[in-house]
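The sequence and structure come next.

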Amino acid sequence: MIKFNPKRLKPHKSKKKYNVFQNIWRAIRLNFIKLLRAPGGVKKISLGFAIGFGLEMIVISTASLVYLVFYPIVRLSGGSLPAAIVGNVVGKLTFLPIVLMPFAKQLGAWIYPSHYPVHVRGGRLHEHSFMELFHGNWSVFRDLLHGGLHILIGMSIFGIVLGIISYFVIQVLYNRSLHKRLEKRKLRHGAGFSPTRLLKNG
């Protein structure tokens with residue numbers, strides 16, 4: 001005898017589809033939520049995010065070699081490593097390293113004008129992979145010195161400026177998020193709630 005299962009008659013819920021820009025915004029929002037919930041305190045988290053976000057600006061112009069010093073810089077500065085990783089991911093999702101590249105090249109040419117012809121592959125900056133070094137492709141350094149020097153200078157300046165700005169922005173966002181969480185905990189637990197534990201854990 002065949003048993004009747006009423007659950008099979010329920011319509012299947014289809015997942016909502018998002019376009020590219022909505023997916024990027026959702027990814028940025030998710031990473032910010034992870035950032036604001038990360039332990040370590042507001043200064044440590046803000047510093048880590050600022051370093052990760054700033055270093056992302058020079059990833060392309062350094063042929064990804066900046067990742068070799070990513071961990072030491074974050075640790076020596078006393079920043080939060082998870083926050084630095086989030087800042088690096090957010091920097092990629094904003095596409096700022098690509099958008100700012102033409103302006104960085106012009107800025108670098110103003111600061112350090114060169115009087116020799118620039119030879120770049122096909123007239124464009126070639127983005128190398130770090131793994132190419134293991135295959136004997138040392139043209140990474142040649143293109144960096146000849147074609148990407150101005151971009152490296154300009155993007156380094158943009159990285160410092162954006163890192164400083166993001167430091168204060170994250171502080172404001174973190175404090176607002178912490179205040180909202182404190183208010184929710186007070187409403188949930190009543191007047192006897194102590195915020196000491198929440199402040200320690202971030």
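## Fold

The protein chain has nine helices and zero strands. Helices (H or I, at least four residues) and strands (E, at least two) are DSSP runs, numbered from the N terminus. The order of elements from the N terminus on is α-α-α-α-α-α-α-α-α.

This is a predicted model: local features need pLDDT of at least 70, side-chain atom pairs count only at pLDDT 80 or more, and totals for chains, interfaces and linings use all residues. Residues are numbered from 1 along each chain as its sequence is written, and side-chain values use heavy atoms, with hydrogens and water left out.

## Burial and contacts

Of the 202 residues of the protein chain, 34% are buried (under 20% relative accessible area, 1.4 Å probe, protein chains only). Contact means heavy atoms within 4.5 Å. Among contacts with a separation of 6 or more, 73% join residues 24 or more positions apart.

## Annotated spans

An unreviewed UniProt entry lists residues 45–71, 83–104 and 149–174 as "transmembrane region". Such annotations may be inferred rather than shown by experiment.

Residues 149–174 are 100% helix and 0% strand, with end C-alpha atoms 36 Å apart. Residues 45–71 are 52% helix and 0% strand, and their end C-alpha atoms lie 15 Å apart.

## Helix 3 and helix 4

Helix 3 (residues 70–77) packs on helix 4 (residues 81–93) at about 130°, with the axes 10 Å apart. Axes are lines fitted to C-alpha atoms over the stretch in contact, and angles run from 0 to 180 degrees between N-to-C directions.

Phe70, Tyr71, Val74 and Arg75 in helix 3 meet Leu81, Ala84, Ile85 and Asn88 in helix 4.

Key:
Buried means under 20% relative accessible area, exposed over 50%, partly exposed in between (1.4 Å probe, protein chains only).
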